[in-house]
Amino acid sequence: MPQTVIEKIAQSHMLSGPEGRPARAGDFLAIQPRHVMTHDNTAAVMNKFRGIGADAVHDPAQPVFTLDHNIQDRSEGNLAKYRAIEDFATSQGICFYPAGSGIGHQMMIENGHVLPGSFVVASDSHSNMYGALGALGTPVVRTDAAAIWASGEFWWQIPRTVEVRLSGSLAEGVSGKDVIITLCGLYNQGEVLNAAIEFSGAGVASLSMDARMTIANMTTEWGALVGWFPVDAITVAYLRDRKARGATRVTSEALEAWTANPPRSDEGAAYAARIELDLSEVTPHVSGPDSVQVMTSLPEIAAKRVPVHKAYLLSCVNSRYEDLAAAARVMEGGRLAEGVEFYVAAASREIEDRARESGVWGVFESVGARFLPPGCGPCIGLGAGLLEAGEVGISATNRNFKGRMGSRDAQCYLASPVVVAASALAGRIEAPVSWEAREITHAFTDCGAGLSSAEETVEILPGFPEQLSGRLVFLPQDNLNTDGIYSKDYTYREDVTREEMARVVMENYDPRFAERVGEGDIVVGQWNFGTGSSREQAVTAMQAKGIPLVIAGSFSQTYLRNAFNNGFLCVANPQLVRRVQESLAQAARSGDRTLIPGDAIEVDFRASRIRWRGDSFAFPALGVVPQSLVIAGGVEN
């Protein structure tokens with residue numbers, strides 16, 4: 001059976017999973033990643049690692065520690081945490097990059113930890129960036145990171161793949177940031193949610209490596225789990241340069257292999273959907289305010305003369321040398337507008353040194369920039385330069401969620417480095433050169449290959465249920481978030497008993513849920529179930545209530561990981577959800593947040609089928625990997 005490159009890379013790192021056939025979308029695998037990166041959250045992972053009784057890392061070559069998020073904090077508490085992380089790295093023989101070296105994702109790429117065809121994870125959502133080099137990069141949660149330290153492996157469900165075919169080439173002044181802002185704005189209805197994005201087409205060859213990193217990085221904001229670029233002459237040239245600069249993990253033999261036989265999808269591989277975009281038609285756009293999914297063409301927003309108080313050129317998405325140099329060309333000979341603060345930080349110390357040597361840093365200094373050390377800083381809402389109430393920011397970062405970069409009463413827009421530079425000089429969102437708004441022709445094709453639900457009989461391990469049957473409880477709500485499932489009023493309390501968790505589950509969504517729903521009921525949700533914060537109690541509260549299973553059209557990936565990491569069953573089945581929606585449409589119009597029609601739903605795990613009201617629905621098989629997690633009661637056990 002032909003495979004996508006995502007399926008092939010996952011299978012090449014598989015320790016256990018389906019046997020006797022190629023791995024496909026929907027399969028649960030035990031994966032041995034090449035590396036797992038943690039940053040300031042290493043301290044939290046250390047606590048989980050010790051909490052499961054581990055004292056020695058399974059493979060010291062796997063973890064990589066990078067300190068980058070809160071490096072401006074010179075308090076004794078933070079410095080003590082940093083010392084503890086470094087001491088742990090030294091004692092275990094783990095690769096460690098101290099504060100000031102650079103942002104973790106940049107360090108992973110610069111130093112050859114990320115290579116074509118490798119599977120690399122990080123306890124950070126922007127791990128998608130590794131796909132720029134033809135690696136499979138995807139995020140994990142802290143429990144996963146601790147499990148990898150202890151055992152060398154973690155579990156992963158292969159996502160469906162959406163192919164994005166690029167043609168043409170970018171016009172002068174248009175950047176990779178404009179490409180991903182455009183894609184986020186054009187397709188913002190969940191078309192790529194929890195998918196792997198495979199970029200292809202003749203247009204890829206026109207994109208620099210820095211542009212590819214920007215695009216792959218922000219596939220996270222687009223909703224995808226992976227953003228993968230093919231390995232071509234641009235990739236090999238970049239890696240050859242890294243080797244010349246001292247990245248010993250890049251070998252001459254590997255460079256020859258990637259040139260002769262790069263990782264690629266098979267002819268006839270099955271895609272869930274296909275998007276076509278002509279790069280020559282992309283023009284500068286701005287995201288926001290306060291949402292990546294809302295985009296406006298630069299001429300349109302410039303005409304509104306939106307004032308700017310703070311401008312940012314930093315973060316893992318847009319602070320590489322190409323970005324800095326482009327912004328400097330716009331700013332040369334200029335001066336910041338009165339009342340504007342302009343913050344600059346390079347992605348790494350190496351990039352900052354190059355910018356200093358080339359004169360780029362001097363240009364920023366001449367306009368009045370405020371320099372920050374190589375790290376995350378304002379992007380994550382830490383350190384100097386945060387937005388204050390009533391202010392407007394224009395930023396070359398990857399997220400502009402309300403309150404992320406400062407006050408919730410501020411507004412933030414995202415744009416390319418040159419637009420940020422021009423706006424800092426003008427004191428309002430402005431174009432560096434004149435542009436005309438134009439329609440972008442694009443195409444979306446549903447190819448039908450989602451998560452595999454092919455007929456397959458599954459071996460059931462001792463201790464795992466062959467079947468479950470319970471009263472159907474329907475929650476007619478897309479994007480039901482974790483705050484709705486388990487309120488912030490209880491999240492940070494350590495004294496909440498399981499009995500109390502059962503009483504307050506879904507309290508923010510439906511105050512009557514707990515009194516109406518009983519042990520053994522099977523919950524059916526809609527799309528993107530469990531979105532929002534990563535609180536594990538949104539899973540454990542459902543377990544405390546005695547709910548054995550949640551079925552949804554799709555899940556937030558973080559919720560899904562937290563579920564299986566706690567031994568809780570989740571099954572994605574869009575066909576069933578559509579059938580339930582149709583059948584209960586009239587009842588849903590009553591406004592009731594929890595619909596209980598009174599009949600049972602049956603789940604057959606051996607046959608991978610769900611039965612309800614005479615219909616049968618196939619779902620991706622739960623093989624040895626998810627069964628083992630449920631039997632053990634979760635990853636930590």
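Here are some notes on the fold, to read alongside the model.

1. A word on the basis. This is a predicted model, in which local features need pLDDT of at least 70 and side-chain atom pairs count only at pLDDT 80 or more, while totals for chains, interfaces and linings use all residues. Residues are numbered from 1 along each chain as its sequence is written, and side-chain values use heavy atoms, with hydrogens and water left out.

2. Strands here are DSSP runs of E with at least two residues, helices are runs of H or I with at least four residues, and both are numbered from the N terminus. Two strands pair if DSSP finds at least two bridges between them.

3. Now for the pairing around strand 12. Strand 9 (residues 161-167) runs parallel to strand 12 (residues 273-278), with 6 bridges between them. Along this pair, V162 is opposite A273 and L166 is opposite L277. Strand 12 is joined to strand 20 in the antiparallel sense by 5 bridges, and R274 has T445 as its bridge partner there.

4. Contact means heavy atoms within 4.5 Å.

5. S175 deserves a look: it sits in the loop between strand 9 and helix 6. Is S175 buried or exposed? S175 counts as buried because its relative accessible area is 19%, and buried means under 20%, exposed over 50% and partly exposed in between (1.4 Å probe, protein chains only). A polar atom of the S175 side chain lies 3.2 Å from the backbone nitrogen of K177. Not counting residues up to four places away in sequence, S175 touches L170 and S416.

6. Strand 4 (residues 63-66) is covered on both faces, with P63 and F65 buried on one side and V64 and T66 buried on the other. Strand 3 (residues 35-38) runs parallel to strand 4 and is joined to it by 3 bridges, with M37 opposite V64. A right-handed β-α-β crossover leads from strand 3 through helix 2 (residues 42-51) to strand 4. Right-handed means that, with the strands pointing away from the viewer, the path from the first strand over the helix to the second runs clockwise.

7. Strand 4 also pairs in the parallel sense with strand 5 (residues 95-97), over 3 bridges. V64 has C95 as its bridge partner in strand 5. Strand 4, helix 3 (residues 76-92) and strand 5 form another β-α-β unit, which is right-handed.

8. Finally, the cores. The largest nonpolar core has 60 residues, and those with the most contacts inside it are M506, F529, M542, I551, Y559 and F605. Such a core is a set of buried Ala, Val, Leu, Ile, Met, Phe, Trp, Tyr and Cys residues joined through side-chain atoms within 4.5 Å. Leaving aside neighbours within four places in sequence, F529 is in contact with residues including L475, I485, M506, M542 and Y559. Apart from that core lies another, of 57 residues, with M37, C184, A211 and A247 among them.

Technical notes
Polar contact = N/O pair within 3.5 Å; in protein donor to acceptor, adjacent residues only side chain to side chain.
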